[in-house]
Amino acid sequence: MANQNLISLEQDDRIEAAARRLQMGRREFLQFCAAMATTLGLPQGADAAVAEAVAANKRPSVIWLHFQECTGCTESMLRAEHPTLEKLILDVISLDYHETLFAAAGHQVEAARKTAMTENKGKYLLVVEGAIPTRDGGIYCKVGGKTAIELLKECAADAAAVIAIGSCASWGGMPSTDPNPTGAMGVDKVLGKPVVTIPGCPPNPYNFLSTVVHFLTFGSLPAVDHLGRPKFAYSRLVHENCERRAHFDAGRFAMDFGDDGHRKGYCLYKLGCKGPETYANCPTIQFGDAGAGTWPVGCGHPCIGCTEQGVGFEKPIHAVAKLKNIEPSAFLPRIVEEKGVGASLGSAAVLAAVAGAAAGAGAMVAKNLGLSHKAEQMEEAKKSDAKAEV
Amino acid sequence: MSAHHPAAPVGGKLFNLPVMICSLLIAAMVAVLFVRFIFGLGAVTNLNDGYPWGIWVVFDVVIGSAFACGGFSVAMLVYIFNRGEYHPLVRPALLASLFGYTLAGVGVLFDLGRWWNFWHILWPGYANPNSVMFEVALCISCYIIVMWIEFSPVFMEKWGMKVQKKKLEKVLFFFIALGTLLPMMHQSSLGTLLVVMGPQVNPLWQTPVVPLLFLLSAITIGYGVVLFESCVASSAYRMEIEMHLLQPLAKVMLGMLSVFLIVRFGDLVVRNAFGHALQPTLEAFFFWLETACFVLPYLLVGTAGARRNPARLFLAGVAIMLGGVLLRVNGFLIGYDTGLGVDHGWNYFPSIAEMLVTIGMFALEVLGYIIITRRFPVLPRSAAAH
C-alpha cells in the first residue's frame, strides 16, 4: 500500500490533474476514492492509497470480451449514475477492446486488440462477459472467425488477471439452464483455473469497479471465496441485511402479490424470495442509483437469486428458498390473526345442558330440604301440642 | 383441631352412581387433556390472541379458588374471631378448599402454552417479583402446601400417627395463621389481574378497588360454599344438618355481603361508572344478573324465621356462589374487550372440549370429597346418622 494519509495529498499536483482529467472537483474526486475504499471494506488510510493510485498509476489496459450474453452487464455499468462514473470507466482504465463501445469495426478492432495484448503483455486485465458455448467445438459463438473458446484462451494467456463479469461468465448463467443446448460454461471451467467472478444479472457495477480499483491500487485482486467471488461483496446472504428482515423474524409475510401484507412491505420469503440462499450485497449498496429502497426486494419483488448458481434461472420464482442460516419458527403469529369463533350449536347445547342439570339438581336438593324442614316443623308442632295437652 | 368435636368417617360403599358419573366425566377430561398436551391448546380450545384466557383460567382457577375459600372463611371465623362453636365446620370446609386450590394449581398447567416451563415463575433466576401473576402463583403454591399441612391431622388420625400428630399440633397455629393470611393476598391479587388489563375491561368491573371486591366476595362466597356443602352433604349422606351452626353463619355471611355491596356500589357511584349499568348492553344485563344474585340472599334468609329453613339456606348459598361466578366471568370474559372498541370481531365461547375439562375438574373435586369423607374423619361424628 502506498500513501496512508489523505492530508499529505492536499497539495499534490497529481490529484489535481486526475480530478481535472475526470472532470471532477478535487474534493469530489477524493470522496469518490474514499467511497471505493469503503465499498471494498478497506481499513482507514486506504482512501489515500486509492486516490494516489488513480491519480498517479498508468491506466491499466482492459480487454473486454463478449460471448453468450445480453450485454446487460455493460449496459448497467454505463447507466451507473455516480458522478462521472462512465468517465471513470473510460479514463481510469484504458479500455482497449470492447465490442459494444468501440466506434471502429472489423479488422481494425481485432488489430487494436492484438496491439494492446502485445504492448501490455502480462499486465492487462481481461474482463469476460457472457458464457462460453462448448458443445460441437464451440461453434455457437464466433467473433472474427474465432470461436469463443479460442478467443478466451488466446486473451487469457498473457493477462495479468481475468475477471468474469455477470452470472453467465461466472458460472454459465441463463444460457446454461437446462437443456443447455450450446453447452454454455463459465470462464473458470473453460480456462481450467479459478478467476475472479462478479456474478449477478446484471451485477452491481460498483462491485466490478471496486475490484478494478483494488487491482489498480494494490496490484492484486481482492480476497475471493471458493467460487472466486470478492468477499467484500458476496460474503453475506441477501437475507442478512435485508430491510424486510424484521418482518421475517416477526413472522409477517406477504402471501400474495398485492395482498395486505405485500402492500405493507412484509417479508417476501413466502412469495419465493431467494434472499435466504443468495450471497450478494444488494441490500446494502442497492441498485441502479435511483435512491433509497431501489433494489428488487425493496420494490416488492422477491429476490430471484441471480448471483447464485443453482438458484437463479433454475429454481422457479415462486419456489420457497432453502434457508441457509435461520429457519422461521412454526409458532410465529399470522398476518391476519384468527379472532375466535362464537358459540357453536354443540357448545351452547352442552353449556345449557350443564346449567339445566345443575339447576335441576339444585332444585331437587332444595325441595328435599324444604320437605324435611316441613316434616320437622309438623313434628315439633305435634310435640308442642302434646305438651300443651299434658 | 381440638378433640371436643370428634369427626368420623361417613363409611358406606365407594362405588355408587355419583362416583360412577364423576369417574366418567373425569375420563372425558383426561381424554381431552391427552389431545391438548400432544397437539397444543389450539387443538381443543377456542382460545385466540384476543382471549388468551378462557374458562380454564376463569372457572378452574379464578372461580375454583374462590369456591375454595370456605376453609379460609371458616378458619378466620374460628381462629381469628375466636368463635370456637363453628369448629365442626372447619374440616369439611377445609377439605373442599384443599381440593379447590390443588386443582386450581393443576388447572393453571393446562392453560400454559409452554407448560414445561411452569417452574420458571418460581425460580429465582426467572421470577419477576414485580408481576401480579408472580404474587398469585407464589401465594397459591404456598397456600396449597399450608392447607395440606393444616389438613394432615385427618390422615394422621386415620393412620394412627399419634406422636407425629401431637408434634404437628404444637406448630399448627403457625400454619393456621398463614392459612388465613395467604388467601387474603392472592384472592385480592386475582382481582389485580383485572386492574392490569386496563381499559380493556368494562368500567363496571375495572376499578382500583377490584382487589378489595374480589377479596370481600371470596370471603362471602366461602360462607356460601359452607352452606351449600353442608346442605348437600347432609342430604346426600342422610345426616342431620348442623342448623344451629348454619343459621348464625348465614347471618355472618349477610354481614360480609353487605360490606361487599356497599363497596361495590359506592365505588360505582364514586367513579361515575353507574351509568354503564343503565345502558341496553349485554354487559349491563350481566351486571344486573350478578347484582340480583348478590341481593337474593337477603330475600331468602333475611329473617331469623327464614334462616331456620335449610332449603332457603341452601338456595342462599347457591345465589352467593352464582354471584361470585358472575362477578368473575363478567370481569374476565363478558366485560372484557380486547379491541378496546376499535378492533372489532374478537370472540370467545368455550368449546365443548374446554367445558369437558372444566366439568371434569369439578367432578374430580366431588369425587375426592366423596372418597375422603367416606373414609377419613372429616364430617362431625354427632351428625352421622348411620
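Helices α1(A) and α3(A) pack at an angle of about 70 degrees, and their axes lie 8 Å apart. This is a predicted model. Chain A has 15 helices and 9 strands, whereas chain B has 13 helices and 0 strands. The two chains touch: 24 residues of chain B are in contact with 19 residues of chain A.

**Packing of α1(A) on α3(A)**

- Angles from 65 to 115 degrees count as roughly perpendicular. The two helices α1(A) and α3(A) are therefore roughly perpendicular to each other.
- The crossing of α1(A) past α3(A) is left-handed.
- From α1(A), the contact uses Arg14(A), Ile15(A), Ala17(A) and Ala18(A). From α3(A), it uses Ala51(A), Val54(A), Ala55(A) and Ala56(A).
- By type, the residues of this contact are 7 nonpolar, no polar and 1 charged.

- Helix α3 of chain A spans residues 46-56. It is largely enclosed by the rest of the structure, because 10 of its 11 residues are buried.
- Two charged residues, Asp47(A) and Glu52(A), are among the buried residues of α3(A). Val50(A) and Val54(A) are also on that list.
- The cover over these buried residues includes α1 (13-21), α2 (26-39) and α10 (205-218) of chain A.

**Arg229(A)**

- Arg229(A) sits in the loop between α10 and α11 (231-234) of chain A.
- A residue is buried if 20 or more other C-beta atoms lie within 10 Å of its own. Arg229(A) has 24 within that distance, so it is buried.
- Beyond its neighbours within four places in sequence, Arg229(A) is in contact with Thr197(A), Pro199(A), Val224(A) and Tyr234(A).
- Asn207(A) is 22 residues from Arg229(A) along the chain. Their C-alpha atoms are separated by 10.0 Å.

**Chain-level figures**

- Chain A has 390 residues, and buried residues make up 41% of them.
- Chain B has 386 residues, and 47% of them count as buried.
- Take contacts in chain A between residues at least 6 apart in sequence: 71% join residues at least 24 apart.
- For contacts in chain B between residues at least 6 apart, 81% join residues at least 24 apart.
- Read along its sequence, chain B follows the pattern α-α-α-α-α-α-α-α-α-α-α-α-α.

**Nonpolar cores**

- The largest nonpolar core holds 118 residues. Those that touch the most other members are Val74(B), Leu95(B), Leu227(B), Leu249(B), Phe314(B) and Ala316(B).
- Helix α8(B) gives the largest share of this core, 15 residues.
- Leu227(B) touches Leu246(B), Leu249(B), Ala250(B), Leu313(B), Phe314(B), Ala316(B) and Gly317(B), not counting residues up to four places away in sequence.
- A second, separate core has 66 residues. Ala46(A), Leu65(A), Ile163(A) and Val213(A) are among them.
- Ala46(A) is also one of the buried residues of α3(A).

**The side of chain B that touches chain A**

- This side comprises 24 residues of chain B, in contact with 19 of chain A.
- The elements giving two or more residues to it are α8 (210-236), α12 (310-334) and α13 (352-375) of chain B.
- Helix α12(B) provides the largest share, 5 residues.
- The residues of this side divide into 15 nonpolar, 8 polar and 1 charged.

Technical notes: Residues numbered from 1 in each chain as written. Chains lettered and ligands numbered in written order. Predicted model: local features only at pLDDT ≥ 70, side-chain atom pairs only at ≥ 80, totals over all residues. Contact = placed C-beta atoms within 7 Å. Helix = DSSP H or I, 4+ residues; strand = E, 2+ residues; numbered from the N terminus. Buried ≥ 20, exposed ≤ 12 C-beta atoms within 10 Å, placed from the backbone. Core = buried A, V, L, I, M, F, W, Y, C linked by C-beta atoms within 7 Å. Axes fitted to C-alpha atoms, helices over the stretch in contact; angles between N-to-C directions. Parallel < 35°, antiparallel > 145°, perpendicular 65-115°, else oblique. Left-handed = near helix turned anticlockwise from the far one by under 90°.
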